[in-house]
Amino acid sequence: MAHPSAVVPVDGPGAVMGVLNVTPDSFSDGGRYLDPEAAIAHGLRLIDEGAQIIDVGGESTRPGAEPVGPDEEIRRVQPVVAGLAGNVRVSIDTRHAEVARAAVAGGATIINDVSADLGALAAELGVGWVAIHMLGDPRTMQDHPVYEDVVTEVRDFLVERAERASEAGASEVWIDPGIGFGKTMRHNLELLLGLEALVDTGWPVLVGASRKRFLGELAAASDGSDAPTPPDDRREGSIAVATWAFRCGARIVRAHDVRSTVQAAQVVG
Ligand code: HH2
């Protein structure tokens, strides 16, 4: 097994970041892993399936989600981070500095940051950092997202944040287009089609599309149905996007279905 603090190599198959939401309300696995023992057992299962990073989150950022106070978020994630950190690299999925600090103190080595504001903190703590693009905040981001040119705007935003973090001393910086974070179906597809523009910046790219709503809508359309397929029934679309993302040069894909995503990485990554 790779040393927990090893940086994901730039050559060879891409890496899979396994999703572990310790929340009651995440859109796909909400409520399943609120109990720390169940969460740690699931994390260990994802490691067995080939995840190189486990992404532990204590606040849902699904569209319309209500914010959680940092104390509650820390209470949820802390035992899970501590229980997994000796086995694998752990990232903390948070937009709150207090939560990031507590998780890093407990062994997390990446801050997975939907606010894209915690780059200086990652530099200060000497850990990796993922800058995610989001338009607005989770409560309102899907209301009416508008871009003139989504690929260029997202790319320029991420490059600016990445450069700033790097100047502050962050040595491991990832950029992520934030699929579904203030984006319509068309925006998501344009970003995926334009992924090479992000890869071409030279900053390593992470993509998280696993089980997201637009995949349920595409699957429903192909079945001739109006209602999106439920999150558990979006695996094929998730693997298709993961395969595409690796092929475009993304180095990490965030996934719920780790085993099949690792296989996709082996084939094309
Ligand atoms: N998406 C979600 C959460 N964290 N991190 C990165 N880097 N990229 C993403 O696209 C991303 C992310 C949202 O999905 P999920 O955690 O499965 O659900 P919820 O926000 O409801 O907990």
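View 1. Helices (H or I, at least four residues) and strands (E, at least two) are DSSP runs, numbered from the N terminus. Residues are numbered from 1 along each chain as its sequence is written. Because the model is predicted, local features need pLDDT of at least 70 and side-chain atom pairs count only at pLDDT 80 or more, whereas totals for chains, interfaces and linings use all residues, and side-chain values use heavy atoms, with hydrogens and water left out.

View 2. Strand 7 runs parallel to strand 8 (residues 252-255), and two bridges join them. In this pairing V207 stands opposite V253 of strand 8. R211 is found in the loop between strand 7 and helix 8, and its phi is near 60 degrees, a positive value in a residue other than glycine. Most residues other than glycine have a negative phi. With 10% relative accessibility, R211 counts as buried, the term buried meaning under 20% relative accessible area, exposed over 50% and partly exposed in between (1.4 Å probe, protein chains only).

View 3. On one flank, strand 4 pairs with strand 5 in the parallel sense over four bridges, and the bridge partner of I110 in strand 5 is G128. Strand 4, helix 4 and strand 5 together make a right-handed β-α-β unit, a crossover being right-handed if, with the strands pointing away from the viewer, the path from the first strand over the helix to the second runs clockwise. In the loop between strand 4 (110-113) and helix 4 (119-125) lies A116, which has a positive phi of about 55 degrees although it is not a glycine, and which counts as buried at 3% relative accessibility.

View 4. The chain crosses from strand 5 through helix 5 (residues 150-167) to strand 6 in a right-handed β-α-β crossover. Both faces of strand 6 (residues 173-176) are covered, with V173 and I175 buried on one side and W174 and D176 buried on the other.

**View 5. The nonpolar cores.** A nonpolar core is a set of buried Ala, Val, Leu, Ile, Met, Phe, Trp, Tyr and Cys residues joined through side-chain atoms within 4.5 Å. Of the 69 residues in the largest such core, I54, V56, L84 and I111 touch the most other members. Helix 5 gives the most to this core, with seven residues. Apart from it lies another core, of 13 residues, among them M17, M141, L206 and I252. In soluble globular proteins, nonpolar side chains tend to be buried together.

**View 6. Helix 10 and its packing.** The buried residues of helix 10 (residues 258-268) are V258, S260, T261, V262, A264, A265 and V268. They pack against strand 1, helix 1, helix 9 (235-248) and strand 8, contact being taken as heavy atoms within 4.5 Å.

**View 7. The crossing of helix 6 and helix 8.** The axes of helix 6 (residues 185-193) and helix 8 (residues 213-223) come within 10 Å and cross at roughly 100 degrees, where axes are lines fitted to C-alpha atoms, for helices over the stretch in contact, and angles run from 0 to 180 degrees between N-to-C directions. That makes helix 6 roughly perpendicular to helix 8, since angles under 35 degrees count as roughly parallel, over 145 as roughly antiparallel, 65 to 115 as roughly perpendicular and the rest as oblique. The contact is made by M185, N188, L189 and L192 of helix 6 and by F214, E217 and L218 of helix 8.

How values were computed: Two strands pair if DSSP finds at least two bridges between them.
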